[in-house]
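User: I'd like to learn how to read a few features of a model. Could you walk me through it?

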Amino acid sequence: MVETFQQTFGAPLWLAVVLASGLKVTLILVGGSLGMMFLTWYERRAIAYMQDRRGPNRVGPQGSLQPIAEAIKTMTKEDTTPLEADRVVHFLAPVVMLAATVLTFAIIPWGNLFPSDLSVGVLFFVAIGGLHTLGMLMAGWGSNNKFALLGGMRGVAQMVSYEIPQVMAVIPIVLMTGTMSMQRIVESQSGFGGLGWNVFTPVGFFAFALFFVASLAEGERTPFDIPEADSEIVAGYMTEYTGMKFAVFYLANYMTNLAICFITASIFLGGGNGPGVNELGGFLGGFLSLIYFFIKALFLFFIMVLIRATVPRLRVDQLMGFAWKFLLPLVLVNILSSALWVAIIRWDQQAQIFTQWFGAPGTADAPNFVRLGVAVAVTIMINLGALVMVMGLNNRASQARMHTTDEELALGL
Amino acid sequence: MLKTEELRINIGPQHPSTHGVFRMLVTVDGETLVDLKPVFGYLHRNHEQLGEVNSYLQNMPFTDRLDYFNSMINNHAYARSVEMLAGIEVPERAQYIRVIMDELSRILNHATALGFMLGDMGAWQTALLWGLREREKILDLFEYVSGARMMCNYARFGGVARDIDDYFITETRKLMDGLPHYFDDFEGLLTNSEIMLARARNIGVLPKELALSYSVTGPVLRASGVPYDIRRAEPYAVYDRFDFDIPVGTVGDVYDRFLVRIAEMRQAYRILEQAFQQLPEAGGGHINPKVKQQSLKPPIGEAYARVESPKGELGFYLVSDGTGNAYRYKVRAPSFINLTALADMCKGYKLADAMVILGSIDIVMGEVDR
């Protein structure tokens, strides 16, 4: 884009850079908030359909302008601050939340149309993803409200538990593709006629499932919407916010979810890759890739909506137990099996190393599909074994707990 | 160890999940609940005093406002108590109509109560709205037969206000055709969900002895393993003619209460089927024509009549001094008595559990505060 400004409009370099980044930031900010508006409408309509209701259907065609009406409503509402609140912290919290969220949009590869390349994209995402916890804690503390404080504390506890499985779930992909750049990760999935997505490998599938579950917690989606559990602590850390500040929290929340969907789609579902993208090429291919990308992200968001419409919320201690006792072991095992996967797939390279180090005979290079088959079998076995084992252990633990309760009951306690 | 401090929180009177204006004064240590003090009375509106000022019939619409989910059952209980006081005969057909309305109310109440409970648990309204959908259909029937959806004011001394006709019967049968499917849907939604099990099993355990000593009744008591149901223990109306089971739980936790309520909906469906089969043979009109509704003056005496409301034992105690209004009028409200066990059920669990436990008791503040 910088080159375009330089060549077409003859702008000096500094002006081109400023203009290009300004344009990008504006696009992301406007697109993100419009996307969030669309998402709220989409979610409400989808959930309404699942619940035998109609959902918003009055403003605009199919109620699609409802979010705009609501934006006007929130903007015209009175903006209040509690008397005893820490005014600065209270004011800054939504800003921090939104800033952290918007930053994650910087690394999303928008199909092949607007490539953005950061060599440590994945790392950037997990680092920035942890930042909006700060906003949550600031809101909880600054409001001087007990519900808000509980919500903020819950939020921090949740994030601390879930960042780790989330980060570690991406490591297999980094190992397999050998890069942290989102653009490269997407490019590496363009094989097999655009269907060489990471999710189709056993390691990638497990990583996808684990990453998505951990991301649900990061985006405060049901069953992990504990920091803002409306039936328990009113609205959690948002309790004391009204008007536009509340809307900013809401915006940040949905933009986080949107970003999570986009990033999961890029890392695991092949980003903009799909049948026909490489064949078409050029602008048309780029456009098609953008459409693929949006469809995948919306599909992921639909899963989030489906989960939200169905399951209850976990309790805060159960949530942490789930993160530490269930997700973390599985994620660690997945890293191991992804290492095996890489070793088996690139056996010919390993063989040379073995020959160099140990003087072992250079093994016959087995054909590709045999190596692939062995890799699939080994990783599936390891991962499924780990899943069964961890589930068994967790079940035994919960049954043991139940047993003691029964005994207590028998004693009449 | 860090020095920690207990936190006192007022949950309510304005709170999304306290089921009305109810306040829980909660002391938490982190997330663990140390103490809970229920505070109620915000909705007090002098119901019992009004009952002593009004004439007997005038009080009938006031009973609608007690447990506003089941006005049919409230009417039935109050009418039964006056009938006992004045020695009024009720024709068989009227009894059957009352039973049909009671069991429809039971389905309605349990469907919404479970929906609210799951809503408290965080299931985003799906279960609740499915329950409300069925409730809506039943309320339409009530509206057809009594003229009002919620405040039915349907029972009269010695019968019911209007007879049911063929349209009502066909519509109810049509509704009932869909009910088993609805029960299966509702059960299939979350019953075996891992999260539901984690949130409900062994939470809010109310042991049998404790439940009995609190004189808890209804599904909460039955979930604790006591097969006590007034329809069986002291059959009123024509309940002795039906074949139905009394579902009981084993542990007395939230999950048992959930299962017991679903099973009770299925039993209510069974009773309804039998009632509709037996209805054509039932003799007598819909009301005893000899009773003077407006100027009823029961002889001096007292009476206590109770029915099995979906929330527990609903009883009306009346003392007559021979005049046109009661000398003493007392309501034994099941929600109120069940609520007293809340603190013992909640202690030691997490703050989030307190909401679920409250939801599993199924209270209506209109009845608690009267």
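User: Is B:Pro247 buried or exposed?

Analyst: A word on the ground rules: this is a predicted model, where local features need pLDDT of at least 70, side-chain atom pairs count only at pLDDT 80 or more, and totals for chains, interfaces and linings use all residues. Residues are numbered from 1 along each chain as its sequence is written, chains are lettered from A and ligands numbered from 1 in the order written, and side-chain values use heavy atoms, with hydrogens and water left out. Buried means under 20% relative accessible area, exposed over 50%, and partly exposed in between (1.4 Å probe, protein chains only). B:Pro247 has 16%, so it is buried.

User: Where is B:Pro247 found, and what is it in contact with?

Analyst: Look in the loop between α10 (230-233) and α11 (254-278) of chain B; helices here are DSSP runs of H or I, at least four residues, and strands are runs of E, at least two, numbered from the N terminus. Contact means heavy atoms within 4.5 Å. Setting aside neighbours within four places in sequence, B:Pro247 touches B:Arg222, B:Val260, B:Ala263, B:Glu264 and B:Gln267.

User: How do I read a pair of packed helices?

Analyst: You describe two packed helices by the angle between their axes and the distance between the axes. Axes are lines fitted to C-alpha atoms, for helices over the stretch in contact, and angles run from 0 to 180 degrees between N-to-C directions. In chain B, α3 (residues 71-86) and α4 (residues 92-121) pack at about 140°, with axes 8 Å apart. Under 35 degrees counts as roughly parallel, over 145 as roughly antiparallel, 65 to 115 as roughly perpendicular, and the rest as oblique. α3(B) and α4(B) are therefore oblique to each other.

User: Which residues of α3(B) and α4(B) meet?

Analyst: From α3(B) come B:Met72, B:Ile73, B:His76, B:Ala79 and B:Glu83, and they meet B:Arg98, B:Met101, B:Asp102 and B:Ser105 in α4(B).

User: And a sheet? What is the strand order in the one with β6, β7 and β8 of chain B?

Analyst: Start with pairing: two strands pair if DSSP finds at least two bridges between them. This open sheet of three strands runs β6-β7-β8, with antiparallel pairing. Its edge strands, β6 (301-309) and β8 (328-332) of chain B, each pair on one side only. Strand β7 (residues 312-320) of chain B and β8(B) pair over five bridges, and B:Tyr317 stands opposite B:Lys330 in β8(B). α3(B) packs on the sheet too, touching β6, β7 and β8 of chain B.
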